[in-house]
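Hello! Here are a few notes to read with the model open beside you. Take the points one at a time and find each residue as you go.

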Amino acid sequence: MTDPAPRPRLATHEVTNQPTPPEDHDRLGEDIPLLEALAREAPDWVARRLAPLGREVGSVRVQELGEAANRHPPELRLFDRHGRRLDEVTYHPAYHELMHLAFDDGWHAVAWQEEGGGGHQAHVAALYLLTQAEPGFCCPVTMTHAALPVLRQTRAVEAQWAPGLLSWDYDPRVLPAQEKTGLTFGMAMTEKQGGSDVRANTTRAECTADGWRLTGHKWFCSAPMSDAFLTLAHTAEGLTCFLVPRVTAEGERNAIELQRLKEKCGNRANASAEIEYHGALAEPVGEPGRGIASILEMVQQTRLDAATAPVGMMRQALTEAWQHVRERHAFGRALAEQPLMRVLLADMALEVEAGLALVMRTARAFDGGARGDDQERALSRLLPTLAKYWHNKRTPAFMAEAMECLGGIGYVEEAPLARLYREAPVNSIWEGSGNVICLDLLRVLDRHPESLAALQAEFTALRGQQAELDNALAQLDAELAAPPEALEPRARWLTQRLAQCLQAALLLRHAPPEVAETFCRSRLGNEAGPAYGVLPGNAPLATLLARIGD
């Protein structure tokens with residue numbers, strides 16, 4: 001039996017000119033650019049396996065879970081009622097249901113379990129969909145997914161921990177890893193005095209009779225109820241990567257003390273803690289003294305997810321605004337028929353489609369590199385940097401525009417747009433803030449010239465086909481020819497332009513001509529504007545809007 005519809009007739013008036021109450025939607029089946037991207041970038045099995053997830057994420061039930069997980073954020077329990085130390089975080093049941101949605105179907109593990117290819121495309125597409133249920137819980141999904149390349153650096157560690165990581169199950173119980181049906185992983189690198197400069201970390205590791213022990217603090221530790229954390233600490237050899245279990249093999253709580261939970265601007269469903277290691281038991285992973293290199297294997301994976309999440313968030317905001325403007329009337333006609341509104345929504349749809357094309361192409365590069373394709377491996381070093389920087393710079397303004405489409409009700413917490421607006425900055429800050437990412441781009445260009453050559457090859461076949469792209473590429477060529485000392489002050493411009501040119505190239509190669517041509521003119525040409533809703537006067541609005549779907 002379904003709930004009766006809300007009552008529109010009130011004591012003093014009748015509720016009219018408002019969108020219909022939320023209904024179930026198919027987030028995959030209604031997403032034309034995603035279906036097209038999967039068809040060209042991924043094996044057939046990926047779309048088939050994603051189909052149930054698309055329906056679940058778009059259901060009213062799961063949307064309500066995302067709302068509840070945000071309205072009831074995690075709570076810190078330091079002690080039990082008798083004064084014994086717990087160091088636990090309790091979550092609302094909605095959070096656990098969302099975790100089951102991701103882990104019970106293996107979206108954290110799919111990238112590592114499909115030997116025939118397509119695993120990273122499946123993971124990225126799943127994360128794009130899961131983000132539309134609730135972005136915050138995707139943090140532990142991402143970190144668990146990204147931990148495996150680090151575990152593989154030490155065979156004994158991989159043998160012990162990888163089976164639980166790859167298990168299709170979410171098991172929130174506080175137990176030793178060997179007693180659990182599935183494991184989650186976190187990461188703790190940042191310290192107060194250093195931030196992104198992890199070489200300034202002060203946490204130290206001491207080799208004792210019963211193993212390595214860590215002492216020090218971490219300023220940010222997200223998902224503090226994870227079963228294990230990858231972290232950095234100093235040894236005699238230098239900064240080294242360690243795996244720190246939350247519960248020891250003997251069933252004792254490890255000496256990881258939670259100091260407090262961060263009260264964040266957004267990302268409220270996900271707990272982020274300040275922690276202290278008080279002689280915490282740990283085991284080294286990777287080569288001693290090369291901890292940064294070891295953990296960068298994880299960071300490269302998380303950066304792709306941090307580039308994908310904002311695109312999923314923009315897609316959710318776009319569909320929310322699109323539903324509203326089609327049903328809301330003003331000045332005698334639907335908002336969706338108003339010329340300025342049509343231009344704005346069409347422009348926003350272009351942004352989502354370009355972002356999706358870039359993250360799916362990056363996922364294909366990850367898979368190709370894993371199979372030994374040198375060209376794809378070279379691209380995989382560079383593309384996450386471009387995508388993470390640019391997608392996250394475009395997201396906050398996108399959310400503000402989506403709010404405006406709804407007017408006042410878009411700014412209240414009952415609509416998901418307020419939650420998405422608060423969430424919008426986080427992926428730009430985590431896994432390397434904007435400046436750090438741009439400096440990393442320069443590092444890749446300097447140390448891996450083959451990566452730039454691989455990117456240039458993506459452009460070669462398209463030179464001469466579109467005037468604005470040709471002009472932008474010529475400008476890039478001149479900029480890249482400058483001496484290295486001249487590039488750093490221009491690193492933000494360079495990162496943005498490379499990302500936009502690659503988006504344009506991907507759309508020219510794969511999207512309908514109306515989409516690609518309008519993107520090039522509105523992003524790379526003289527008609528480009530800094531705000532959304534600025535398109536050429538003859539832009540094919542009907543075609544662009546039709547691709548939003550239902």
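1. Let's start with a question: which helices each supply at least two residues of the lining of the second largest cavity? Keep in mind that this is a predicted model. The helices to look for are α9 (291–327) and α10. Of these contributions, α10 gives the most, with four residues.

2. Now look around that second largest cavity, which holds about 80 Å³ of space. Its lining includes Pro33, Arg315, Leu318, Ala349, Glu353 and Arg547. By class, the lining divides into eight nonpolar, no polar and three charged residues.

3. Strands β2 (85–90) and β8 (256–261) each supply at least two lining residues. Here the classes are six nonpolar, one polar and three charged.

4. In soluble globular proteins, nonpolar side chains tend to be buried together. The largest core in this model has 145 residues, and Leu50 and Leu494 touch the most other members.

5. Leu494 is worth a visit. Setting aside neighbours within four places in sequence, Leu494 is in contact with Leu441, Leu442, Leu445, Leu476, Leu480 and Leu487.

6. Finally, find the second, separate core of 31 residues, which includes Cys139, Met143, Leu165 and Leu243.

Notes. Residues numbered from 1 in each chain as written. Predicted model: local features only at pLDDT ≥ 70, side-chain atom pairs only at ≥ 80, totals over all residues. Heavy atoms only, no water. Core = buried A, V, L, I, M, F, W, Y, C linked by side-chain atoms within 4.5 Å. Buried < 20%, exposed > 50% of the residue type's maximum accessible area, 1.4 Å probe, protein only. Contact = heavy atoms within 4.5 Å. Nonpolar A, V, L, I, M, F, W, Y, C, P; charged D, E, K, R; others polar. 1 Å grid on protein atoms, 1.4 Å probe; cavity = no way out; pocket = protein on both sides within 12 Å on 5 of 7 lines; lining within 4 Å. Points joined across faces, edges and corners; volume = space filled by probe spheres on them.
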